[in-house]
Every structure is written in structure tokens, then in C-alpha cells.
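Me: Could you walk me through this model before I look at it in detail? I will ask as I go.

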Amino acid sequence: MSGRRVCKVCLESFDPSNADEVCRFHPGSWAGFEKGKLHGTSTTDPGIGHLATIVFQWDCCGDSSRTSAGCVVGRHASYDES
């Protein structure tokens, strides 16, 4: 095989002949959670209304950066592979 390919998991370009390149990705979803529920409380508890802020994070690892490299490492998978 020659030429670079695009990984269907992480969408990065990679050289299929270089086995050292790795794919980093999040297997979970980017999701919003009520901040109070992350702390074991609920906005229905008295005096907790200020915690009703929605925070976003990866549900697989809890990372709060949408652009983080990923919490799982694997091999790239090309769209050209079956």
C-alpha cells in the first residue's frame, strides 16, 4: 500500500506502512451533565439550585476537554479496509 489514508475512527491521516502510528480516541460520548448530580446532589435538594449548571465531558473517562487526544489507544482503521 502506498499513500496516506484517513482513519475512520479518529479521522487523522496516517501512513499504512508505519505500524508505530497509533489511533487515540474516546469510545464514549461527549455529553452534558448537571453539575449537582456529578457531586452526588440534585437541584431538588434545598439550597443546591446554584449547582444546576450543565457541564460537558466525555462519559468514558470524565475528561472535560472536547479536543483531548482520547483515552483509548488502538490501531488506525482505514475506510479502504473491509
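What follows is a conversation about the overall build, one surface patch and the cysteines.

Me: What should I know about the source and the numbering?
Reply: This is a predicted model, in which local features need pLDDT of at least 70 and side-chain atom pairs count only at pLDDT 80 or more, while totals for chains, interfaces and linings use all residues. Residues are numbered from 1 along each chain as its sequence is written, and side-chain values use heavy atoms, with hydrogens and water left out.

Me: What pLDDT does the chain average?
Reply: The chain averages a pLDDT of 79, and 73% of the residues score at least 70; pLDDT is the predictor's confidence in each residue, from 0 to 100.

Me: Which element has the lowest mean pLDDT, and which the highest?
Reply: Helix 1 (residues 35-38) has the lowest mean, 60, whereas strand 3 (residues 23-25) has the highest, 93.

Me: And how many helices and strands are there?
Reply: The chain has 1 helix and 6 strands, in the order β-β-β-β-α-β-β from the N terminus. Helices (H or I, at least four residues) and strands (E, at least two) are DSSP runs, numbered from the N terminus.

Me: How much of it is buried?
Reply: Buried residues make up 23% of the 82 residues in the chain, where buried means under 20% relative accessible area, exposed over 50%, and partly exposed in between (1.4 Å probe, protein chains only). The accessible surface comes to about 5700 Å², with 50% of it belonging to carbon and sulfur atoms; these areas come from the Shrake-Rupley method with a 1.4 Å probe, and for residues only the protein chains shown count as cover.

Me: Now Val6. Where is it, and what is it in contact with?
Reply: Val6 sits in strand 1 (residues 5-6) and is partly exposed because its relative accessibility is 42%. Apart from neighbours within four places in sequence, Val6 is in contact (heavy atoms within 4.5 Å) with Leu11, Glu12, Ser13, Phe14, Ala77, Ser78 and Tyr79. Val6 and Asp80 are 74 residues apart in sequence, yet their C-alpha atoms are 9.0 Å apart in space.

Me: Is Ser78 buried or exposed?
Reply: Ser78 is buried, because its relative accessible area is 2%. Ser78 lies in the segment after strand 6 (72-74), and its contacts beyond four places in sequence are Arg5, Val6, Lys8 and Phe14.

Me: Which residues form the nonpolar patch on the surface?
Reply: Val6, Leu11 and Tyr79 form the patch, with about 330 Å² of accessible area together. Patches are made of residues with over 30% relative accessible area and no salt bridge, like charges being joined within 9 Å and nonpolar side chains (Val, Leu, Ile, Met, Phe, Trp, Tyr) within 5 Å; a salt bridge is a side-chain nitrogen of Lys or Arg within 4 Å of a carboxyl oxygen of Asp or Glu.

Me: What about Leu11 itself?
Reply: Leu11 lies in the loop between strand 1 and strand 2 (13-14) and is exposed, because its relative accessibility is 57%. Leu11 also has a positive phi of about 65°, although it is not a glycine.

Me: Switching to cysteines, how many disulfides does the count come to?
Reply: With a disulfide taken as a pair of cysteine sulfur atoms within 2.5 Å, the count comes to 0. The sulfur of Cys23 is 3.7 Å from the closest cysteine sulfur, in Cys10, and is therefore too far for a bond. Cys71 is in no disulfide either, as the nearest cysteine sulfur, that of Cys60, is 3.6 Å away.
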